[in-house]
Amino acid sequence: MKGVPLTEELYKYITDTFIHEDEILKQIVIDTEAKKIPLIQVSPETGKLLGMFIKMIGAKSVLEIGTLTGYSTIWMARALPPEGKVVTLELTKAHADEALSNYKKAGLDGKIELILGKAIESLDTLSSRKFDLVFIDADKENCVNYFNKVIHMVRSGGLIITDNTLRRGEVIELNPGPGAQGIIAYNKLVANDSRIESLLVPIDDGITLSYVK
Ligand SMILES: C[S@@+](CC[C@H](N)C(=O)[O-])C[C@H]1O[C@@H](n2cnc3c(N)ncnc32)[C@H](O)[C@@H]1O
C-alpha cells in the first residue's frame with residue numbers, strides 16, 4: 001500500500017491540530033441526533049476542506065444537493081465572501097425545517113436558499129443558473145443523473161465534489177448495493193469524461209473531486 005494507513009491516533013492528531021469546530025456546528029450534530037435524524041453529515045475535516053476549496057477558487061455561488069440539517073451548508077456559506085450564496089436542495093421537510101432553523105442560529109439565513117423537493121426536479125428549475133462549485137451529497141443512486149445535469153451549470157475553473165465515493169469500501173466488493181453501484185458508475189464516468197479532470201481523494205468516506213476545464 002502506498003501512503004500511511006490512517007490509524008485512530010493519526011486521525012486524532014490531524015483533527016486536533018487542524019479542525020476547530022465551533023459551538024454552533026457541534027450543537028447542530030447534537031440536535032440532529034436528538035431529533036432522531038440520521039447522523040450522515042460530512043466529517044468536520046471534509047467541511048473544512050469544502051470551505052477551503054471555495055476560498056481557493058474564489059467561489060461566490062455554490063449549489064449543494066442534499067442538505068440534511070445544514071451542517072455542510074454552514075461550512076460552505078461561512079467560506080463565501082459576503083455577497084456569496086449557497087443554493088441547497090433537500091427532499092425531506094423535517095430535515096429542511098431543521099436546516100432553516102440552523103441557518104438562522106448561525107446568522108447565515110441571508111446567504112442560503114433552500115429548495116424543498118426532489119433534487120432532480122429542482123435542478124431543472126435551476127438549469128439556466130451558473131455555479132462555481134457543486135457539492136453532491138444526496139441519494140447515491142442518482143449521482144450520475146445529478147452530474148449530467150450540473151456539468152452544464154458549472155463555470156470553467158469550477159469544481160464538482162461528490163461525497164461518500166469510497167462507500168466505506170463497498171465500491172470494490174463483489175456484490176455492491178444500489179448506493180454503491182451508483183457511486184461506482186459515477187466514479188467511472190467522471191474519471192473518463194474529457195470535460196473535467198477528476199480524482200478520488202481518500203478523506204473520511206472519500207470525496208471525488210472534478211475540476212471543470
Ligand atoms: C448525506 S445527507 C446530506 C448531508 C449534508 N450534505 C451534510 O453534510 O450536512 C443526504 C440528504 O439528501 C436528502 N435526499 C435524499 N434523496 C434526495 C433527493 N432525491 N432529492 C433531494 N434530497 C434528497 C436526504 O433527505 C438527506 O437529508
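## Ground rules

Residues are numbered from 1 along each chain as its sequence is written. The model is predicted, so local features need pLDDT of at least 70 and side-chain atom pairs count only at pLDDT 80 or more, while totals for chains, interfaces and linings use all residues.

Helices (H or I, at least four residues) and strands (E, at least two) are DSSP runs, numbered from the N terminus.

## The sheet

Seven strands make an open sheet of mixed pairing. Their order is S3-S2-S1-S4-S5-S7-S6. Two strands pair if DSSP finds at least two bridges between them. Strand S3 (112–116) and strand S6 (196–201) are the edge strands, each pairing on one side only. On average, neighbouring strands are turned by 15° against each other, direction ignored. Axes here are lines fitted to C-alpha atoms, for helices over the stretch in contact, and angles run from 0 to 180 degrees between N-to-C directions.

Helix H7 (residues 143–150) packs on this sheet. H7 touches strand S1 (61–65), strand S4 (131–136) and S5, and its direction makes about 170° with that of S5. Contact means C-beta atoms, placed from the backbone, within 7 Å.

Strand S5 (residues 154–163) and strand S7 (residues 207–212) run antiparallel, joined by five bridges. Thr 162 stands opposite Thr 208 in S7.

The largest nonpolar core has 48 residues. Such a core is a set of buried Ala, Val, Leu, Ile, Met, Phe, Trp, Tyr and Cys residues joined through C-beta atoms within 7 Å. Among those with the most contacts inside it are Ile 54, Val 62 and Met 76. H4 gives the most to this core, with six residues.

H4 is mostly covered, with eight of its nine residues buried. Buried means 20 or more other C-beta atoms within 10 Å of a residue's own, exposed 12 or fewer, and partly exposed in between; C-beta atoms are placed from the backbone. Leaving aside neighbours within four places in sequence, Met 76 is in contact with residues including Leu 50, Val 86 and Phe 135.

## An exposed residue

Met 52 lies in helix H3 (residues 44–56). Met 52 counts as exposed because it has 12 C-beta neighbours inside 10 Å.

## Around the ligand

The ligand is surrounded by 18 residues, the closest being Gln 41, Gly 66, Tyr 71, Ser 72 and Ala 119. A residue is near a molecule if its C-beta atom, placed from the backbone, lies within 6 Å of it. Helix H4 (71–79) and strand S2 (85–90) each supply at least two residues of this shell.

Note on methods. Contact = placed C-beta atoms within 7 Å.
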